[in-house]
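This briefing walks through one protein model, from its overall layout down to single side chains. Keep the sequence and the 3D view open while reading.

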Amino acid sequence: MGLLLSKNPANLLMFFEFVSKRIRFDWVEKEKNMVSLVSRTGRCLQRYDMKGYRQVVGCIPYRYRETNQSSSIKELEVLLISSQKGQAMMFPKGGWEKDESMEDAAKRETLEEAGVTGKVEKKLGVWPYKSKRQEIMHEGYMFPLHVSQQFDRWPEEKLRLRKWMTVAEAREVCQCGWMKEALDELVNRQLKPQEANETICT
């Protein structure tokens, strides 16, 4: 093979072109399954409202799990994470910064803290709450995120635990009252299409 290539420059050129395309293809395929392992830090771009409340955004990552009862019955599961400095469980959230949209910030925080991504859906609402660390108020915006991909490695994997739970389990362990209200809103939204179908069938 080496002798053939050395005697025929055209073959040699075709060989190197094939190899370079193969390398580029492999790199693109690997990039699809990679996630940046660095979280944003600092608050120089942090947003505050007119009252001085820090603007915080987050997501309730969710998916449907097939139950053993029937392949047509689906169960809603949500993903919770532990706090950085303890075992308190909550949904991913963080600061909304000036160089990103609210939805982009929510998706970024969810990827950094929980290592999942997907489709960010219509906002669940906004809740004012007091910071546990400081004497300041925050304003928390929450979105549902229908998970399409879960990464084995993510920026805060060494700082947090993550766990998929049923809605009942999540209500039990979630430490933030306002996040429980956001979860209730998500559940109500999920039930509405079912109620509409029941009304049509009767």
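**Overall layout**

In this predicted model, residues 24 or more positions apart account for 66% of the contacts with a separation of 6 or more. The protein has five helices and eight strands. Read from the N terminus, the order of these elements is α-α-β-β-β-β-α-β-β-β-β-α-α. Of the 202 residues in the protein, 38% are buried.

**Helix α3**

- Helix α3 is made of 13 residues, and its first and last C-alpha atoms are 18 Å apart, close to the 18 Å expected at 1.5 Å a residue.
- The buried residues of α3 include Met102, Ala105, Ala106 and Ala114.
- An α-helix has 3.6 residues a turn, so residues three or four places apart point the same way.
- The buried residues of α3 pack against the strands β1 (54-66), β2, β4, β5 (116-120), β7 and β8 (162-166).
- After α3 comes Gly115, which has a positive phi, near 70 degrees.

**Strands β6 and β7**

- Strands β6 and β7 pair in the antiparallel sense, over six bridges.
- A hairpin of six residues joins β6 to β7.
- Within this pairing, Gly125 stands opposite Met142 in β7.
- In a regular strand the side chains alternate between the two faces of the sheet.
- Strand β6 (residues 125-130) has a covered face with Gly125, Trp127 and Tyr129, while Val126, Pro128 and Lys130 are on the uncovered face.
- Two residues of the covered face, Trp127 and Tyr129, form one aromatic cluster together with Trp178.

**Aromatic pairs**

- A pair of aromatic rings is described by the distance of the centres and the angle of the planes.
- The structure holds four aromatic pairs.
- One of them joins Tyr62 and Tyr64, with 5.8 Å centre to centre and 85 degrees between the planes. This pair is edge-to-face because the angle is over 60 degrees.
- Tyr62 is buried, at 2% relative accessibility, whereas Tyr64 is partly exposed, at 36%.
- Trp96 and Tyr141 also form an edge-to-face pair, with 6.4 Å centre to centre and 75 degrees between the planes.
- Trp96 lies in the loop between β4 (93-95) and α3 (102-114) and Tyr141 lies in strand β7 (residues 137-150), so their pair ties together parts that are 45 residues apart in sequence.
- Both partners are buried: Trp96 has a relative accessible area of 14%, and Tyr141 has one of 11%.

**Charges over rings**

- Arg63 lies over the face of Trp164, 4.0 Å from the ring centre.
- Arg162 has its charged end over the ring of Trp154, at 3.9 Å from the centre.

**Around Ser82**

- Ser82 belongs to strand β2 (residues 74-82).
- Is Ser82 buried or exposed? Ser82 counts as buried because its relative accessibility is 2%, and the cut-off for buried is under 20%.
- A polar atom of the Ser82 side chain lies 2.8 Å from the backbone nitrogen of Leu161.
- Leaving out residues up to four places away in sequence, Ser82 touches Ala88, Met89, Leu159, Arg160 and Leu161.

Technical notes. Residues numbered from 1 in each chain as written. Predicted model: local features only at pLDDT ≥ 70, side-chain atom pairs only at ≥ 80, totals over all residues. Heavy atoms only, no water. Phe/Tyr/Trp six-rings, centres within 6.5 Å; stacked < 30°, edge-to-face > 60°. Buried < 20%, exposed > 50% of the residue type's maximum accessible area, 1.4 Å probe, protein only. Helix = DSSP H or I, 4+ residues; strand = E, 2+ residues; numbered from the N terminus. Lys NZ or Arg CZ within 6 Å of the ring centre and 35° of its normal. Polar contact = N/O pair within 3.5 Å; in protein donor to acceptor, adjacent residues only side chain to side chain. Contact = heavy atoms within 4.5 Å. Pairing = 2+ DSSP bridges. Expected span 1.5 Å × (residues − 1).
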